[in-house]
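Here is a friendly walk through the packing in one model. Please take a look at the sequence and the fold before reading on.

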Amino acid sequence: MSRDALVGNLTAMLQDAGFAVSDRCAIRPKSFDLAARRGEDLVLLKVLSNIDAFDAATGAEMRRLGAYLNATPMVIGLRTRDEDLESDVVYFRHGVPVFAPDTAMGLFVEGVPPLVYAAPGGLYVNIDGDLLADEREEQDMSLGQLASELGVSRRTVSKYEDGMNASVEVAMRLEKLFDAPLTAPVDVLEDGADEVRDAEPTPEDPDADPDDEPMVTVMTRVGFDVHPTTRAPFKAVSEDHEASDDADAWEVREDTILTGHSAFTQAAEKRARIMASIGDVTRTRSVYFVDRSKRESVDGTAIVEREEVEKMRDAEELRELIRERADVEERPA
């Protein structure tokens, strides 16, 4: 299956499952292809035929965007260089969960998260340690006896009961021995991925492109924290921590703004349209700073001349201008 077909199939699947899906980010380079939201669940999706093409820089950017937009980054792919991805298994690349399309179908359409995750050494599952301890004690079985049944050490059984995950083979033997479900799914939409990967801090922001430093300076002066990007359709995610951020899932967040900057060319207009579509899904505002333009908005992305911002005193003044521009009817250029 081609990558374009995979993106199209995934879009249709998400829409059938009740997600609002953004336009495809048809620009290069790009850290993600689609944004999708259903209620409070927001995901940023990278689609690849071969997941080996997913590099560390893209993974770091997706994780940063996930943190700033309250979204879950994910990769949907078909295979590695050596083998196809297995069904109902979560893989990880550079800290981002990776699924095969049928695993995504189970998660998004059927509401069934996968039970198994891949890690160095094989396939593993989450063991409910408290339930395991209860079952063992109910059968009056000592740690040593259970260890003997499993062919592991007493210390290993103790670790299982303390929350250490187990191989698929051990989990199957435990469930057969106690005739009870002892595994828990990897629910990445509920931060479950953190339970099965090493806890890592959000990667640091990259330096801003020199051409964008004036934009960063102006946004910072009026009170925004500006997080530059290197591969997104926008140049930065700008956050105003003084603004209200208690919007419901279907309301626009006033504290977060997708921010772009360049001369107003056809390519810039294309980026502004994609930003507007992503903003609709992520429930954020979007603004594109230019030197000169007769336009006030592009599909809901506010177009603001840099000189206008340089005269502003605070973030609220800029937010108000962005709201006004985003809501105006577009006039011909």
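The notes below cover helix pairs, a sheet and an aromatic pair.

This is a predicted model, in which local features need pLDDT of at least 70 and side-chain atom pairs count only at pLDDT 80 or more, while totals for chains, interfaces and linings use all residues. Residues are numbered from 1 along each chain as its sequence is written, and side-chain values use heavy atoms, with hydrogens and water left out. Helices (H or I, at least four residues) and strands (E, at least two) are DSSP runs, numbered from the N terminus.

Let us begin with two helix pairs. Axes are lines fitted to C-alpha atoms, for helices over the stretch in contact, and angles run from 0 to 180 degrees between N-to-C directions.

| Helix pair | Axis distance | Angle |
|---|---|---|
| H1 (residues 3-16) and H3 (residues 101-108) | within 11 Å | roughly 15 degrees |
| H5 (residues 143-150) and H6 (residues 154-161) | 8 Å | about 100 degrees |

H1 and H3 are therefore roughly parallel to each other. Their contact (heavy atoms within 4.5 Å) involves Leu 6, Met 13 and Leu 14 of H1, which meet Pro 101, Ala 104, Met 105 and Phe 108 of H3. By class, that contact has seven nonpolar, no polar and no charged residues. For these classes, Ala, Val, Leu, Ile, Met, Phe, Trp, Tyr, Cys and Pro count as nonpolar, Asp, Glu, Lys and Arg as charged, and the others, Gly among them, as polar.

H5, by its angle, is roughly perpendicular to H6; angles under 35 degrees count as roughly parallel, over 145 as roughly antiparallel, 65 to 115 as roughly perpendicular and the rest as oblique. The contact of H5 with H6 has six nonpolar, two polar and two charged residues.

Phe 108 brings us to the aromatic rings. Phe 19 and Phe 108 form an edge-to-face pair, 5.4 Å centre to centre with 80 degrees between the planes. Rings of Phe, Tyr and Trp (its six-membered ring) pair if their centres lie within 6.5 Å; planes under 30 degrees apart count as stacked, over 60 as edge-to-face and the rest as tilted. Phe 19 lies in the loop between H1 and strand S1 (20-21) and Phe 108 in helix H3, so the pair ties together parts that are 89 residues apart in sequence.

Now for the sheet. Six strands form an open sheet with mixed pairing, in the order S11-S12-S13-S14-S16-S15; strands pair if DSSP finds at least two bridges between them. S14 (residues 284-290) and S16 (residues 301-305) pair in the parallel sense over four bridges, and Val 287 stands opposite Ala 302 in S16. Helix H2 (residues 56-69) packs on the sheet, and its direction makes about 145 degrees with that of S13.
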